[in-house]
Amino acid sequence: MIEVTRAKGHFAMHASPQNILQLIGNTSLLALRHVVPANGVRILLKLESENPTGSMKDRMALAMIEAAEADRRLKPGGAAVEYTGGSTGVSLAFVCAVKRYPLHIVTSDAFSREKLDHMKILGARMNIIASESGRMTEKLTRDMVEAARVIAEDAGAYWTDQLKNTDQLSAYHKLADEIWTQTGGGIDAFVQSVGTAASLRGTSEGLRRHDDKIRMVAVEPTESAVLSGGPPGGHKIDGIGAGFVVPLWRTDVSDQIERVSTDEANAMALRLAREEGLFAGSSTGANVVAALRVAEQFRPHATIVTIMCDTGMKYLKTYGAELGKAESTLLAAH
């Protein structure tokens, strides 16, 4: 048997993998053709939607579980637990299903129904905490963290604890190496939204090992711009903006911080679908809004890389509710 895999922008034939976990990573890097800055700067989008669950979080879930297996924090027959806005939970449920570990998930009705259903289908045991009007807030994050801590203690489960777990950084070092190879070292800036801060921190560390002149740009919700020194608030950009300065964040991770509102992020996600055929979530929309702003600071023909964090198929019901508002924002911007 053979499979087709992506390698440096072309297709190569390799022996069939032993399991689906080997298909994580090696995602494509695509230049945007229509959603572009006027000054000729290139924006490249790393298509993390090509990972098995449609999310970049497959990378970190595998890294955290395999690191825990290696040092026996997670033993055969053991269970895992995590609090999550959805994508991390789906990816952990996927990895644990393949490796046969029971998984306890703490999440909330603030996050997309598709993600919650996906976790259940993959076998996760769910603990759903009510939110304030479906918004992500500091209190909700802290309530989820505490619930996960209690479950881990009571069940004797391994708590992956994504807000503090540095095992995941190695996954994003690999992501950085892929970007460096795919651009041939021709990258001027990297833009990524901040949830746990692991993806920006790990990718920045990896890219700076190749070239410390690459500009690193963090993205956070305007409504809860705590990294910029603002007050916490509620927003609806899935997976980012915890409402407090997360433990993995370091001020030297980024060279600048861009703030993007929920409406701007949703409108850009809709624009990407209609103008580029790329159906992504609101965090991807936020990334591209920020990348376009950053592009204005560079000379023509510079290259900015950002992330398509996941597939929009995880947000179909959410987009159904937000479509009218996103269209209004999109029309106003044009």
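The model is a predicted one, so local features need pLDDT of at least 70 and side-chain atom pairs count only at pLDDT 80 or more, while totals for chains, interfaces and linings use all residues. Residues are numbered from 1 along each chain as its sequence is written, and side-chain values use heavy atoms, with hydrogens and water left out.

Let's start with the open sheet of four strands, ordered β7-β6-β5-β8 and paired in parallel. Strands here are DSSP runs of E with at least two residues, helices are runs of H or I with at least four, and both are numbered from the N terminus. Two strands pair if DSSP finds at least two bridges between them. At the edges sit β7 (125-129) and β8 (158-159), each pairing on one side only.

Now look at β6 (residues 103-108), which pairs with β7 in the parallel sense over five bridges. Along this pair, histidine 104 stands opposite arginine 125 in β7, and threonine 107 stands opposite isoleucine 128 in β7. Helix α2 (residues 87-99) packs on the sheet and touches β5 (80-83) and β6, with its direction at about 165° to that of β6. Helix α4 (residues 138-155) packs on the sheet as well, touching β5, β6, β7 and β8, and its direction makes about 160° with that of β6. Contact means heavy atoms within 4.5 Å. Axes are lines fitted to C-alpha atoms (for helices, over the stretch in contact), and angles run from 0 to 180 degrees between N-to-C directions.

The crossing of α2 past α3 is left-handed, meaning that the near helix is turned anticlockwise from the far one by less than a right angle, with clockwise giving a right-handed crossing. On the α2 side, Ser87, Gly89, Val90 and Ala93 meet Lys115, His118 and Met119 in α3. These contact residues divide into three nonpolar, three polar and one charged. Ala, Val, Leu, Ile, Met, Phe, Trp, Tyr, Cys and Pro count as nonpolar, Asp, Glu, Lys and Arg as charged, and the others, Gly among them, as polar.

Next comes an open sheet of six strands with mixed pairing, in the order β3-β4-β12-β9-β10-β11. Its edges are β3 (29-31) and β11 (256-260), each with a single partner strand, so one side of each has no neighbour in the sheet. On average, neighbouring strands of this sheet are turned by 25° against each other, direction ignored. Inside the order, β4 (residues 42-47) and β12 (residues 303-308) pair in the parallel sense over six bridges, and arginine 42 stands opposite threonine 303 in β12. Helix α5 packs on this sheet, touching β3, β4, β9 (189-193) and β12, and its direction makes about 135° with that of β4.

Finally, follow α5 (residues 169-183) to α6 (residues 198-210): the pair packs at about 50°, with axes 7 Å apart. They are therefore oblique to each other, and α5 passes α6 in a right-handed crossing. Residues making the contact include Tyr172 and Trp180 of α5 and Arg201 and Leu207 of α6. The contact's residues divide into eight nonpolar, six polar and four charged.

Definitions and conventions: Parallel < 35°, antiparallel > 145°, perpendicular 65-115°, else oblique.
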